[in-house]
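This briefing goes through a structure topic by topic. Please read it with the sequence and the coordinates at hand.

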Amino acid sequence: MKELTIAMPKGRIFEEAVVMLKEAGYNLPPEFDDSRKLIIEVPEENLRFILAKPMDVPTYVEHGVADIGIAGKDVMLEEERHVYELLDLKISHCYLAVAGLPDTEMNEVAPRIATKYPNVASSYFREQGEQVEIIKLNGSIEIAPIIGLTDRIVDIVSTGRTLKENGLVEYEHIVDITSRLIANPVSYRLMHDRISEMTDRLEKVVNG
Amino acid sequence: MSKLFMFEKPIGMRDTFPHLYSLKKEIRMNIENEMMNWGYEFMETPALEYDETVGEASAILDQQLFKLLDQQGRTLVLRPDMTTPIARVAASKLLKDRNPLRLAYAANLFRAQQREGGRPAEFEQIGVELIGDSTVSADAETIALMASVLKASGLKDFTIAVGHVGFLQELFLQIVGTEERAEKLRKHLYEKNYVGYRKHVDSLPLSSIDKKRLIDVLHIQGNGGSIEKAEALLEGEGGRGALRELEELLSVLKDYGVEDYVKMDVSLVSHMSYYTGVLFEVYADNVGFVLGNGGRYDNLLKKFGAEVGATGFGIRMDYLMEALGKSVVQAQPALILFSAERRKEAAAKAAEFRENQQPVIVQDVKGVTDLDSFTAGFKEVYSFIGKAGDQA
């Protein structure tokens, strides 16, 4: 039987996801978490793990080089990949929000937004009936309003501490984010039994 | 924007190099022969159509169309599929001569360019349309033909998932009551968002039994007992017709001997409003994208003024070639080198080869700068150089 390839996001979500897989009864080696390898084989379970940048997980899954993957809903919204979203793992809770300096208005002529999520930001503001100019940044988004690059930012908020420390306030809550189990459309149909078994086992863990 | 380099071509466009061309031609020929053996007649339509007619009627979303203007200022589209142009021709002309009509095509289609690789904006599709026949036999014929052409192309492992639009439609209507609410559920499935679907189901004011029916339907797959399981979810008469059709379809596919390639899947959904009955998709193990798909589209011909049903399928050549993964060993041409004084002998030798359908290149030695590297590419070399009778 062909092994099942799983694309996992490196970093914090990875650790949480590994705990869940172990709780779901998957026999993963003890040193699994601190390996620096990018591809880890687990022959006992007929599984193969690919470690990827969180933003890239849906890409691997869409192209079918990974059968399933774990991806944040933020990435799913931003990337709009043709993949199945099978299960809400309810880990890595956070939300996307609009933030800026306190007591400020957006520029009327050309309101500017800095974000790592240009698609999400653009469609959010369009739905609000506002046309904004998006400036894409790759990190430290909070700086943008402080140094006068943009009026607002759209970014992930988990505790709100980073915003506070940088003197920013939240203006609007866009959408709640958690991690999702996703699947390639062809793999989902061809390896349905194995994938739905994993979905069921993980679902039991999610529901405690 | 940066200045273009001379080697660049528009995004999403691909060249077909000679070895790939031969491979493509061989696969296409095998498929075409099989389709013709089933009585399907090949035809061509123009690459450009009016946006107002074919563009509007096509199932391909507006933002995926390639558009341009003609000299009169009318919007044209590069054909995004072949089903719609064929429906145009069938309704306006061919159906008057024969009904039902069996047509086939192999054509390049165009979809809007996308930044990322792996999504060509021009690609070849090969397929058939069976127009004017609304029986289950017609649905079965297209599926059996699809299996048969894939086998003819050399593909061994593939799976055809078969579903029916009518079942989910009726099940949803029975449970949520209105078409509008059913549409919301279908939209989640169409977008492959099962998490959103579950959350939506949870939020509905339904009994826990009805919620379970909506969730359970996602888990019905496979040929053994899935129709019975699907039927158990239904209350009342609606939706049973669709399942009877699937049952009949499966039994006809058994008669065709292709049931091993087929997998019933009542949760299969495709384009939101295009397909009206049986629908199917085909997958190969080693390709992450859907190889081809098809189904019954009884509303399309109406748009062109003919009140008939139709069914058909299309296979993506690029994905099929990826699935086959083979490269043909090209028939290597022989090489005849000549110098001017022996041109006649060389021509006579070449004629001999060509009469036997063997490819041969005839090359003047003076035209080659590096003779050694040129001849190294050939296994069979004949020289007609220097005085007559000096053959090497």
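Predicted model: local features only at pLDDT ≥ 70, side-chain atom pairs only at ≥ 80, totals over all residues.

Residues are numbered from 1 along each chain as its sequence is written, while chains are lettered from A and ligands numbered from 1 in the order in which they are written.

**Contact between chains A and B**

- Chain A puts 17 residues in contact with 16 residues of chain B; contact requires C-beta atoms, placed from the backbone, to lie within 7 Å.
- On the side of chain A that touches chain B, two or more residues each come from β5 (84-88), α7 (185-190) and α8 (192-206) of chain A. Helices (H or I, at least four residues) and strands (E, at least two) are DSSP runs, numbered from the N terminus.
- β5(A) gives the most to this side, with five residues.
- By class, this side of chain A has eight nonpolar, five polar and four charged residues. Ala, Val, Leu, Ile, Met, Phe, Trp, Tyr, Cys and Pro count as nonpolar, Asp, Glu, Lys and Arg as charged, and the others, Gly among them, as polar.

**Sheet in chain B**

- An open sheet of three strands in chain B has the order β2-β4-β3, with antiparallel pairing; two strands pair if DSSP finds at least two bridges between them.
- β2 (48-50) and β3 (66-69) of chain B are the edge strands, each pairing on one side only.
- From one strand to the next, the twist averages 40°.
- β3(B) is joined to the antiparallel strand β4 (residues 75-78) of chain B by four bridges, and Phe66(B) has Leu78(B) in β4(B) as its bridge partner.

**Helix pair in chain B**

- α4 (residues 136-152) and α10 (residues 240-256) of chain B pack at an angle of about 50°, and their axes are 9 Å apart. Axes are lines fitted to C-alpha atoms, for helices over the stretch in contact, and angles run from 0 to 180 degrees between N-to-C directions.
- Because of that angle, α4(B) is oblique to α10(B); under 35 degrees counts as roughly parallel, over 145 as roughly antiparallel, 65 to 115 as roughly perpendicular and the rest as oblique.
- The residues of α4(B) that meet α10(B) include Ile143(B) and Ala144(B), and those on the α10(B) side include Leu249(B) and Val252(B).
- The contact of α4(B) with α10(B) has eight nonpolar, one polar and three charged residues.

**Domains of chain B**

- Chain B is assigned domain 1 (18-324) and domain 2 (334-384), with bounds from an automatic or database domain assignment.
- The centres of domain 1 and domain 2 of chain B, taken over C-alpha atoms, are 51 Å apart.

Note on methods:
Contact = placed C-beta atoms within 7 Å.
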